[in-house]
Amino acid sequence: MKITALDLYNFTKCQHRVYLDSNGDPKEKGEVSPFVKLLWERGLQTEREYLQTLGNIQLFDLGDLSIEKGAPKTLRLMHEGVPLIYQGVLKSDVYVGRPDLLMKRFDHSSLFGKFYYEPIDIKAGLGWKEQGNSRRFKGHYAFQMLFYWMVLEQIQGMSLEIGRIINVNGNIEEFLMEEFRALFATGLKEVKRLVPGLKTSEPALGSECNLCGWYAHCQRWVNKHGDPSGLFYVGKRKFQMKEAGLRTISDIAGMNVKEFTLPPKKIHGIGEKSLQAMKIRAKVMLGGEPDIRGGYTLPMGKSEIYFDIEDDPTRNLTYLFGVLVKDGDTESPFRYFVARHPDDEEKTARAFWAFLYSIGEAVYYVYSHKERTTLRKLMERYQLDQDVFDRYVASEYDLYAKLILPYSDWPTHSYGIKNIAHIVGFRWRDVDPSGVNSISWYSKHLEDPEDESWLQRIVLYNEDDCRAMVAVKEFFEHRQS
Ligand code: SF4
């Protein structure tokens, strides 16, 4: 049995993944998506850039060594007291960890002498996450660092209280390891049972699944078992629901809601309103047809602009604004504003602002709050005209928030535009349409800007996202009449 830092990282996202990675049939694991590969490449790039800032400091790079060869070499180098080890291997008992850096420090002694080593990871993101007025350190980063320290403590006989990472901007970020110790201990105990298969687990479909190689496998399992996580907005809450006796979608469709709001069956954290909504969704899922409720109104008599943005949150970059303008039965050719290079973001945002300024009375259809949030960010970043933004906000109609959520339910576990538009009969022209793929295509375009095909693929995909909104809006319109 071998337990790695990655197992602990994954545990913070999904324990079934930890189980499958060691016990699942590798043939059932999908290929690594281009976006995940891109993230790996970005991670390596961040590491390379940081290492270049270290100047003349003597660095021992063990990146090419296997675990078997790297572990004794790392130990030997630490005994010798070298200043810095890159991609060393920490191995003790069943644990194996590969921190990006092992840095020699002199403020404490260890079994090696009057110095010790500190593990530091170089991350392609920020360690601290803002949440409203508070902030917290990312649990998956913390679990990895606690894991390294645990193994290192067994090797050098000492540990620290503060964990550190180097973030995407090359800055050191610190956190108190004590704040994660109890959670980490529980997680490690679970991981030690999941990896050797002493404990089995079940999938719970949710947002963590999008980039996971086991997605198709888990989706098949969920469908076959009529698992509650096959319903929209159930996710990991399924575990509490199953404990209370709601083991399948059929159970949920047939439940007496009141019974599960009172002891002994009361489900902690899920109120009557949520249970009612789940019951309706379960019936819709079993019936296979969307349930559209009356009472909604759609903006009338205005120009319609279907608007969608392509952005890369990992770079904090917006690279395309696409708009499909419809005036009654007349449709203008699809328009887009693209930043051919990241440096063009401001120029492109200004061109889009000029477009917004030029538009008279209109309604902007979108499918999330992302467009509004992104425009606000760009306005603040480049001091763009606030009146233009305010006018846009007043004219925006979010199909997801104003129609899909309050007035409908669908026989699918996700209410994203891809699933909903698919049910109403819309098909994307691209064989593999998705926002994360768009990010990979943009990255390919940057590698070879002369090749227009990647940009064309993004534009086509963005246009289809706009057309998918048209299809959803018209579906509701027909149901209304
Ligand atoms: S697809 Fe989802 S449920 Fe399945 S292992 Fe991956 S993250 Fe977990």
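How many helices and strands does the secondary structure of the protein chain come to? The count is 17 helices and 19 strands. Helices (H or I, at least four residues) and strands (E, at least two) are DSSP runs, numbered from the N terminus. This is a predicted model: local features need pLDDT of at least 70, side-chain atom pairs count only at pLDDT 80 or more, and totals for chains, interfaces and linings use all residues. Residue numbers start from 1 along each chain as its sequence is written.

Figure 1. The C-alpha atoms of the protein chain fill a box of roughly 80 × 60 × 45 Å along the principal axes. Of its 481 residues, 33% are buried. A residue is buried if 20 or more other C-beta atoms lie within 10 Å of its own, exposed if 12 or fewer, and partly exposed in between; C-beta atoms are placed from the backbone. Among contacts with a separation of 6 or more, 65% join residues 24 or more positions apart. Two residues are in contact if their C-beta atoms, placed from the backbone, lie within 7 Å. The chain is divided into domain 1 (3–194), domain 2 (226–287) and domain 3 (303–480). These bounds come from an automatic or database domain assignment. Over C-alpha atoms, the centres of domain 1 and domain 2 are 39 Å apart.

**Figure 2. The shell around the ligand.** The ligand is surrounded by 13 residues. The closest are Cys-14, Pro-203, Cys-209, Cys-212 and Cys-218. A residue is near a molecule if its C-beta atom, placed from the backbone, lies within 6 Å of it. Helices α2 (15–23) and α7 (215–225) each supply at least two shell residues. Helix α2 gives the most, with three. By class, the shell has 10 nonpolar, one polar and two charged residues. Ala, Val, Leu, Ile, Met, Phe, Trp, Tyr, Cys and Pro count as nonpolar, Asp, Glu, Lys and Arg as charged, and the others, Gly among them, as polar.

**Figure 3. The open sheet of β1, β5 and β4.** Three strands form this open sheet, in the order β1-β5-β4, with mixed pairing. The edge strands are β1 (3–4) and β4 (90–92), each of which pairs on one side only. Two strands pair if DSSP finds at least two bridges between them. Strands β4 and β5 (residues 95–97) run antiparallel and are joined by three bridges. Leu-90 stands opposite Gly-97 in β5. In a regular strand the side chains alternate between the two faces of the sheet.

Figure 4. Leaving aside neighbours within four places in sequence, Val-94 is in contact with Met-1, Lys-2 and Ile-3. Ile-67 is 27 residues away along the chain from Val-94, and their C-alpha atoms are separated by 12 Å.

**Figure 5. Arg-76 on helix α4.** Arg-76 lies in α4 (residues 67–80). Arg-76 is exposed, because 10 other C-beta atoms lie within 10 Å. Between the C-alpha atoms of Arg-76 and Glu-178, 102 residues apart along the chain, the separation is 30 Å.

**Figure 6. Strand β14 and its antiparallel partners.** Nine bridges join β13 to β14, and the two run antiparallel. Glu-310 has Leu-320 in β14 as its bridge partner. The β13 and β14 hairpin has four residues between the strands, and Asn-316 takes a positive phi near 60 degrees there. Strand β16 (residues 335–338) also pairs with β14 in the antiparallel sense, over four bridges. Here Gly-322 stands opposite Tyr-336 in β16. Strand β15 (residues 330–331) pairs with β14 over two bridges, again antiparallel. Lys-326 has Glu-331 in β15 as its bridge partner. The β14 and β15 hairpin has two residues between the strands, with Gly-328 in the turn at a positive phi of about 60 degrees.

Figure 7. Helix α16 (residues 435–447) has 13 residues, so at 1.5 Å a residue the helix should span 18 Å. The expected span is 1.5 Å times one less than the number of residues. The end C-alpha atoms are 19 Å apart, which agrees. Which residues of α16 are buried? They are Gly-435, Ser-438, Ile-439, Ser-440, Trp-441, Tyr-442 and His-445. These buried residues pack against α3 (34–52), β13 (303–312), β14 (317–327) and α17 (453–480).
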